[in-house]
Amino acid sequence: MPADDRWLFYQTALTGPARREWVAQWPAGPLGAWVDWGAAYGALSVEVAQQRGGAVYAVDWSRARLAAAARWAERVPHRGIVLWTAADVMTYRPPEPVGGMSARFLLQHLPDPAGALAHWANVLDEGGCLMVEDVDDGWTVEHPEPPAAWNTLVLALQQLQKSRGGDRQIGRRLPQLLNEAGFVLEATEVAVQGAWVSSEAFTLSRQLERFRLEGEREALLEGGHLTAAQWEDGVAARAAASGPVFMTAGTLRIRAQKPAPTSARRAD
Ligand SMILES: C[S@@+](CC[C@H](N)C(=O)[O-])C[C@H]1O[C@@H](n2cnc3c(N)ncnc32)[C@H](O)[C@@H]1O
């Protein structure tokens with residue numbers, strides 16, 4: 001795995017328990033293939049194949065991530081078939097009917113989330129479900145407050161994602177976006193994880209933050225979102241802060257359905 005991708009791998013591992021708990025509640029039907037959009041390292045795609053069986057198209061345009069995912073998946077028993085598919089989520093169409101779909105932590109990165117949802121609505125069978133989870137930084141709280149110099153880095157990272165067309169507050173927009181794409185919202189839930197964490201446990205999440213920032217360091221500096229001095233100050237201030245903290249992080253989780261057409265009216 002490239003060094004600048006370690007954050008994504010850690011995110012996949014650290015959010016695993018919460019993800020699996022959610023997947024266990026997913027509807028078993030309807031039949032038909034499943035598409036996991038933006039599959040990355042494939043943990044969710046494999047968990048869907050474990051739970052439902054059948055074909056799961058794991059779609060991502062990163063061939064390197066899919067190749068790593070396919071190697072790991074060989075070691076995990078599952079009763080379905082995962083088809084690692086290098087393609088663009090804005091245009092890909094599987095070669096068979098699709099009964100269900102998932103998109104986790106993907107829409108926050110897309111410059112045109114409405115366009116993606118319109119395409120997915122078109123691909124999905126009538127009556128099929130779409131499971132979406134994404135972040136909203138509005139539910140992020142940390143007390144005691146992290147150092148101001150560190151917050152400068154976090155804000156710069158948000159700006160960088162925005163400059164690429166993404167949105168780290170997309171969670172609150174999802175109900176409207178799904179509704180406008182023709183989906184019916186069946187369940188809408190805010191999943192806020194809150195914990196009072198010791199500095200040892202906190203080290204892990206700090207490591208994730210650090211990997212994520214280090215992976216974007218060049219882009220942050222080149223894009224003018226940060227100066228090298230601000231970078232150094234932020235990293236030093238974060239390293240100096242110790243002691244337990246209360247922290248929350250929140251995502252929006254939605255189960256949506258593509259409605260079946262109302263039965264055609266008889267002409268007579
Ligand atoms: C944060 S990761 C998704 C994580 C994963 N779904 C999970 O639950 O752990 C976002 C993924 O979307 C992929 N991606 C972003 N835009 C894409 C596009 N237009 N087409 C295909 N893949 C895309 C990226 O390559 C990346 O692997």
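Which residues are buried in helix 3? The legends below take up this question along with other views of the predicted model.

**View 1. Burial of helix 3.** The buried residues of helix 3 are A43, L44, S45, V46, E47, V48, A49 and R52. With 8 of its 10 residues buried, helix 3 is mostly covered. The residue that follows helix 3 is G53, and its phi is positive, near 75 degrees.

**View 2. Contact of helix 2 with helix 3.** Two packed helices are described by the angle between their axes and the distance between the axes. Here the axes of helix 2 (residues 16-23) and helix 3 (residues 43-52) come within 11 Å and cross at roughly 35 degrees. The crossing of helix 2 with helix 3 is right-handed. On the side of helix 2 the contact is made by G16, R19, R20 and V23, and on the side of helix 3 by A43, L44, E47, V48 and Q51. By type, the residues of this contact divide into 4 nonpolar, 2 polar and 3 charged. An α-helix has 3.6 residues a turn, so residues three or four places apart point the same way.

**View 3. The shell around the ligand.** The ligand is surrounded by 19 residues, and the closest are G38, A40, W61, V89 and R104. Helix 3 supplies at least two residues of this shell, and so does helix 1 (6-14). The shell is made up of 11 nonpolar, 4 polar and 4 charged residues.

**View 4. R164 in its loop.** R164 is part of the loop between helix 6 (148-163) and helix 7 (174-180). Is R164 buried or exposed? R164 counts as exposed because it has 12 C-beta neighbours inside 10 Å. H109 is 55 residues away from R164 in sequence, yet the two are 7.8 Å apart in space, C-alpha to C-alpha.

**View 5. The chain as a setting for the close-ups.** The secondary structure of the chain comprises 10 helices and 8 strands. Its C-alpha trace spans about 75 × 40 × 35 Å along the principal axes. Among contacts in the chain with a separation of 6 or more, 84% are between residues 24 or more positions apart.

Definitions and conventions:
Residues numbered from 1 in each chain as written. Predicted model: local features only at pLDDT ≥ 70, side-chain atom pairs only at ≥ 80, totals over all residues. Axes fitted to C-alpha atoms, helices over the stretch in contact; angles between N-to-C directions. Helix = DSSP H or I, 4+ residues; strand = E, 2+ residues; numbered from the N terminus. Left-handed = near helix turned anticlockwise from the far one by under 90°. Contact = placed C-beta atoms within 7 Å. Nonpolar A, V, L, I, M, F, W, Y, C, P; charged D, E, K, R; others polar. Near = placed C-beta within 6 Å. Buried ≥ 20, exposed ≤ 12 C-beta atoms within 10 Å, placed from the backbone.
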